[in-house]
Structure formats: structure tokens, C-alpha cells
Amino acid sequence: MANHDVNGAEVDRLVQTSASNLDARAVRGGPNASLTNSSYESHNAFADSFFVFLAGWTVVAHISLFAGLSFRQSWLIAWPLALLAAAVFWQQVRHAPGVRTTEATPFPATRTWVWLAAPAAVLLVFCIHRPDADDQCYLGLAATALDHASSPIAALEQWSSCPRGYALTSFEFIRASFSWFTGTPILISYYLVWPGLIAVLVVTVTCDMVKLAGIRNMALAWLVFFVVMLAWGDVHRTPSNFGLARMFHGKSALFWAVVPAAICHWLRYIDTRSRKSLLMLHCVIVAGTGLSPTGVPMGVLLCGLFFLATLLHRGFATHQRPALIAIAGCALYPAVLGIIMRMRYMYFSKVAAMDAGPQWTVLTSEMVEMVLGRGLRGAIALICAIALPLLLTPGPNRRPLAVYSIICTILLALPWTSSILGIYSVNSFSWRWLFAVPFVPSIIVAADFLVHRYQVRHVGAIALSLIAALYVSSSARWVISPENYASLGWPGFQLPANDGIVLRPYGSLVKRDGLWLISPETGARL
């Protein structure tokens, strides 16, 4: 009887120890992590399904272009297939037995923060008015596609004065097709419906990114996020000026949704080797190519950074090579598109883009200054990005994120990085590649580190408050300011004048009648 009692106690101890080990592995997100649905909530399913939809649409649009189909024919194929793919994916992930969690810190109330931040982001997207000359091209593409729905997509090269490679983008045509199917004015689709959806997507992806980075205070994270998004307007190309103020542009969705989402799915893949994470990484990269021509070199660059970071993090052992090959394979789609853009659409340049005009060579430091500005805000972003490896919370994602950050810092330090990327891809990529550097997430991580590292007598909170006050007051050029050519008003359209807008494909002023644009060619209400 005594032996039986001892053995029973020993069994109980072993069971408890095993349960504790399983729980610890679940928190670490290791290969034997327990499965749980808590890390895959509805907002994650929404974001991933949205990317699956965009990827499916993009592939159909590209095939339609080369098959000689018209816009209408492409739309009739793209909508059912893309929606079906997104619906199937949603059903699969929602009814899956579980998903490994890789967050360093659990956030049971994540959904609450998404519900709070998403409406605020959507409202700001609607109410910040910052008209942009690029809409003469982007809105023009959407309007002329809607006006010429029966024309072959390839004919865009003939009657559009926009760069020929824009026939490969799909975001403008998604908005045109939405208006075609629903009868919604193109201005509403272009400036309200889709920017609002992208704003929700950005909030969801940002929430996922800070969770994976091990942020401990989600309220602080969102406070810093919105402060940066509303204050950092020092120069035209700051990340915040491509954020809530210009979410109606595909390149803004690329910078704020695709890049962080790709980083998140890469982190999950190298940690869990999940096929779903690899599939999602593919979908995010493909979706980026349809949002903007910049998505093509950005996709190749991100996959290159992920490959190198994984190689340095995991090594080149035999059991690691399949993961390296899989990550490299994600670059195949944008690489092929890049070759097509270069060979067929003459999308290459021997110069780099600068504010003063094209130049043969540029220094990376010049591009950093052009994107971040010379002020305190840019300096804080640069310092935080460089210091990110030292600020990350211990967890499964600390080392890969640190390696990724160090590679980005090396690229920033090399004087010829921008010249090489601008010359061998597209000239604007000489500065747009900087959006692969996690500047804003680094600021959030730094704020979280400061508050939790110096908790004695609230030293960290006081220091952060002082830095924030200095950050906000260091320049009068906020995102919403006359100096930044932006204002706050009722939800509306980002048109420079109420009577209409000059659209490049038409080569003339397109008049406005209330909610509608009037085609100068057909007289149709668009």
C-alpha cells in the first residue's frame, strides 16, 4: 500500500510537470507548442482572408491582361474566384483544431483593441483631407477602366498617359469593378469604401505586429501609433504622410499593410513551419504586386531580407534548407513580374528619383533625409530602428526580428544601397525601399521598453511623456496642418477643386456632378 501511494504521488508530480512544460512551450511557441485558437481571433481571419482575396484578384487580373480579356470579362471571373478563395480560407481557419501561438506576451483582450482602434483609424482616413496630384493617374485609371469596361485591359497602354506598367496593378481596377457591380459612384468607391477597408486591415496587421514583437502595454502601443501617425509630417515622404492621410493610394496599403503582414507571417513560418503561414506569406507578397508597381521590387526585397535573416538565424543545416528554399520561392512571382515590366513595359531606369529631379547616383543618407526629414522626429525613428535589437522583449521572435533589423541597419549604412535599388528596379524605389525598415514599430517598441525598464517612481513614464511632448512640439508641420497641405473636415473626397479633376488618361478636366464624375468621352456618369 505504501509503494502504491508513493507511485501515485510520483505519477501526479510527473503529470503536473509535463503540463507545466507544455504550457511553457506554448508560450514560447516552440515546435511542440500546444494548439490554441486564442492567438487566431476573428480580426486575424479577416486580415488573412482579405489578403487571400487581393492575391486571387491580382493573379486573375494579370492572367486576363496577357490573355487579352476585357475589363468586364476579367471582373466577372475575378470576383467569384477571389471571393470563393477568401471564403474557403475563412472557413478553414475558423474551423481548424487550433493554431500555434508565437506571441511572446498573451493578449486576451486583443479584439477589444482592434474594435477601439479600427473606427478611429477609419474616421481619420475619411476626415483628413490632403489632395494629391498622383490621383490624376490613379483615379484616372479607375475612372477610365469603368468608362471602358468592354475594352481589353491591354488597350490601357494605348489610351492612358500613365506609365504602361500600371496595367499590371489591380487596386485601381478593383475599385472600378466595385462601382461597376454595385452602381456606386467611383468617388465613393475610391475615396471611402476601399480606404476604409484598408484602414481596418492596417489596424489589424499593426496589432499583430506589436504582439509578435512582445509589446507589454497595448494601450501605450496604440497611443504611440496614433501620435506618430498624426504628428510626423515633416516632409512629403514621411511614413505617416503615406498613412491615414493617403490610405486611398495603393502604395500606402503596400507600406502599411503588406510590409508588416509579410514580416508577421515570416516570423510565424520560421517558428512553426506552418504551411498556412507560408501560404499567407505568398499571398501577401502577390497582393503587394497588385497594389502598386513598387510592390514588385518590394516583394523581392522582403523575400531577400527574410531569406538572409533566416539563414543567419537558423543556419544552413540540412533540416533548415527546405524553409530557406520555401522563403526564396516567395520571391518568384514578383521576380517574374519584374522581368516582364523591364522587358515589355520598359520599366527600368539608369537614374534615381530625387526631389530636385532624376540623378545618376544618390547616397543612401540623402534618401533617408528625404523620407525621414531632418528634424527630431526623423532622428528618433532612425535611432529606434537601429536600437531595435536591444529593445525587444525576450521571446521566440526576438532573435529573428533582431537579425532582420540589423540587416536593415547595414543597408542604411551602405552609401550605395539606394542607387543600386533605384537603378536596377524602378527609380522611385531608391527611397521607397526604406519602408521595409520597421521605423514606426521600432518607436512603439522603444516606448514600451522605456516604460517597463524604468518603473521605479514612474521614471520611464515621465521620461516618455517628456520625449513625446518634445516630439509633438518639435515642428509645426504635423500631418494635419497647413504646412503639410492637409486639413481636417467632414468625410468627403480628396479633390483639389469641387468642379472636377484633371485625369491623365483623358488628358482633360473631368467634371463632377455631385457624387458623380462625368466622362468627357461618353458623357456617362462614373
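## Surface patch

At 39% relative accessibility, I420 counts as partly exposed, a class lying between buried (under 20% relative accessible area) and exposed (over 50%), with a 1.4 Å probe and protein chains only. This is a predicted model, in which local features need pLDDT of at least 70 and side-chain atom pairs count only at pLDDT 80 or more, while totals for chains, interfaces and linings use all residues. Residues are numbered from 1 along each chain as its sequence is written, and side-chain values use heavy atoms, with hydrogens and water left out.

I420 lies in helix α18 (residues 417–423); helices are DSSP runs of H or I with at least four residues, and strands are E runs of at least two, numbered from the N terminus. Together with W416 and Y424, I420 forms a nonpolar surface patch of about 380 Å² accessible area. Such patches join nonpolar side chains within 5 Å, from residues with over 30% relative accessible area and no salt bridge (a Lys or Arg side-chain nitrogen within 4 Å of an Asp or Glu carboxyl oxygen); areas come from the Shrake-Rupley method with a 1.4 Å probe.

Beyond four places in sequence, the contacts of L139 (heavy atoms within 4.5 Å) include I186, Y190, L503 and L517.

Strands β5 (residues 500–503) and β6 (residues 508–513) run antiparallel, joined by four bridges; pairing requires at least two DSSP bridges. L503 has S508 as its bridge partner. In the hairpin turn, G507 has a positive phi of about 70°.

β6 also pairs with β7 (residues 516–517) in the antiparallel sense over two bridges, with R512 opposite L517.

Notes. Patch = residues over 30% accessible without salt bridge, like charges linked within 9 Å, V, L, I, M, F, W, Y side chains within 5 Å.
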